[in-house]
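Take a look at the model below. Keep it open while you read.

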Amino acid sequence: MELLNFTISRIHQGLIKKEFSAFELCQAYLKRIEKEDKNISAFLTITEELALSQAKEVDKMIFSKKEIPFLAGVPLAIKDNILVKDIKCTAASKILENYVAPYDATVVKKIKEQGGVILGKTNLDEFAMGSSTENSAFGPTKNPYDLQRVPGGSSGGSAAAVAANFSVYALGSDTGGSIRQPASFCGVVGLKPTYGSVSRYGLIAFASSLDQIGPITKTVDDAKIVFDVIKGKDPLDSTSFEVSLESERRKMVLEELIIGVPKEYFLKDMDERVEKIIRMVIKRYEEAGVKIQEISLPHTEYALSCYYIIAPSEASANLARYDGIKYGYSEDDSGNDLLAVYFNSRGKGFGPEVKRRIMLGTYSLSSGYYDAYYLRAQKVRTLIKKDFQKAFQQVDAIITPVTPTPAFKLGEKITDPLTMYLSDIFTVAVNLAGLPALSMPAGQIKDEISGLGLPLGFQIIGKPFSEDEILEIGSLFNNGLI
Amino acid sequence: MINKQEVKKIAKLARLELTDKEVEKMEGELSKVLDYIDKLKEVDIEEIGQKDRFLNLENVFREDEVKNDLMMKNEELLSLSPEEEQGYLKVKSVLR
């Protein structure tokens with residue numbers, strides 16, 4: 001039996017009916033990773049021992065006829081900026097190369113309680129800063145659809161792992177598109193929850209007012225299953241909210257649904273192939289009876305500038321903790337000078353992109369520039385949020401592209417930071433406004449030269465805490481119901 | 001735009017040791033990004049007051065009490081540090 005192409009519910013059924021054991025399933029995935037990941041490099045650490053022991057526990061429960069939760073026995077991968085107790089957590093940085101997590105992140109705790117089987121930790125851009133996974137200190141991940149291309153980033157290892165059938169689902173984090181953009185590039189589903197829906201306790205902080213953990217899955221239905229497990233208020237993250245467990249909302253009636261299409265997300269000079277696919281998706285919804293309405297989000301063109309002030313500013317503060325004293329890489333070649341330990345540990349421990357962002361953030365926050373950069377960016381952020389609030393008075397959800405192009409080639413953008421930043425143009429506004437958004441496969445673009453099909457996603461943006469709604473809208477398309 | 005002198009000053013504030021080559025590269029790269037970011041100057045922010053906050057955050061309070069299930073052993077955390085001695089983090093001398 002082919003054990004590697006299953007969804008979460010299919011595995012749940014298979015385990016209950018004893019078609020296969022959790023142990024067999026786990027072994028099948030581990031074997032596949034061992035054989036195939038050398039081509040893709042999705043994983044930084046394989047946690048074989050942990051996975052097999054977790055699988056055995058689940059089999060014991062099934063054997064003693066106990067009811068098992070939905071995620072029990074389901075193999076997953078976790079982005080290497082989310083802490084799993086006693087397992088290395090590197091954030092793909094040299095500065096944390098030998099750091100072993102002393103506790104579980106809240107999302108990991110919840111998945112362990114369900115009996116999840118953790119296969120390993122996945123590659124990312126160092127400290128989640130990047131859009132291609134090329135900024136990893138341990139080498140890039142490749143796109144399973146075309147090994148010459150990037151999987152996207154920063155959760156590139158997680159998206160590639162799901163796309164390559166190395167795991168059933170994965171956890172990622174999204175600060176400016178880091179779940180949605182790789183999901184689009186790898187042809188999988190990615191959910192960036194509302195700011196506060198999911199606890200960030202145990203997530204290595206990048207930009208605390210933007211970061212959010214979310215699932216990367218094969219189907220929209222799986223994304224809902226994982227989201228329902230990891231969501232909710234956590235006393236250890238005071239920005240987390242209790243999301244009502246059972247939605248009280250009425251059943252969705254397609255004919256009453258209004259989807260907004262913002263004109264600012266369809267630029268004159270955009271990639272025609274991308275526009276064609278996204279327009280096709282919108283047409284499918286329209287033909288199913290959904291009302292499509294053109295809307296305007298007038299401050300869209302400022303979102304990226306705003307993001308590249310706020311995110312680096314917060315990062316420069318968050319990354320001040322890496323000083324070569326408490327944990328992580330320490331450069332001890334500095335005589336008897338404490339200050340030199342800080343300078344050298346950080347200078348040698350951080351990679352080029354992390355340094356750039358720390359510099360950019362420190363500059364924006366420094367005396368004399370604060371008003372012109374940071375304060376102004378905060379105000380523009382408010383305007384961006386207001387754009388969405390206004391739009392959501394007229395529409396229930398918004399559909400846009402996720403990325404301006406399909407996956408680009410390794411090395412294509414890495415030498416020019418600004419060009420790389422521009423690949424986040426359709427995703428950053430969602431984080432600035434704290435909204436939930438789903439990225440899901442829309443179709444494929446055929447590469448003229450290689451003849452390979454490259455996946456492309458579309459984005460459904462919802463009102464705060466409307467994850468259930470955007471997932472339902474997405475599942476209509478995903479399940480071929482429209 | 002940002003010049004080499006400013007790059008060095010910011011690096012000092014950020015506690016980052018940069019090589020001369022890095023400083024030079026950073027000058028060009030940061031200048032390009034800052035030029036792009038300057039777009040924000042076009043935006044009319046007059047209507048946005050100090051009180052208009054982007055997130056509806058409220059103060060969150062909790063009891064100030066020890067939670068045993070969250071306690072980590074001293075040794076566990078100290079074992080992560082590059083240098084320790086007799087249960088303390090060891091650093092270079094601060095006072096001379």
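The model is predicted: local features need pLDDT of at least 70, side-chain atom pairs count only at pLDDT 80 or more, and totals for chains, interfaces and linings use all residues. Residues are numbered from 1 along each chain as its sequence is written, chains are lettered from A in the order in which they are written, and side-chain values use heavy atoms, without hydrogens and water.

**Pockets**

A pocket is an open set of points on a 1 Å grid where a 1.4 Å probe fits, with protein on both sides within 12 Å along at least five of seven lines; lining residues have an atom within 4 Å of a point. Its volume is the space filled by probe spheres set on the points.

| Pocket | Volume |
|---|---|
| Largest pocket | about 670 Å³ |
| Second largest pocket | about 500 Å³ |

The largest pocket has 26 lining residues. Nearest its centre are Tyr201(A), Leu236(A), Lys67(B), Asp69(B) and Leu70(B). The lining holds 11 nonpolar, two polar and 13 charged residues. Here Asp, Glu, Lys and Arg count as charged, Ala, Val, Leu, Ile, Met, Phe, Trp, Tyr, Cys and Pro as nonpolar, and the others as polar.

The second largest pocket has 16 nonpolar, two polar and five charged residues in its lining.

**Strand S6(A)**

Strands are DSSP runs (E, at least two residues), numbered from the N terminus. Strand S6(A) spans residues 213-217, and five of its five residues are buried (under 20% relative accessible area, 1.4 Å probe, protein chains only). Strands pair if DSSP finds at least two bridges between them. S4(A) pairs with S6(A) in the antiparallel sense over four bridges. There, Gly172(A) has Gly214(A) as its bridge partner. S5(A) also pairs with S6(A) in the antiparallel sense, over two bridges. Val189(A) stands opposite Thr217(A).

Definitions and conventions:
Buried means under 20% relative accessible area, exposed over 50%, partly exposed in between (1.4 Å probe, protein chains only).
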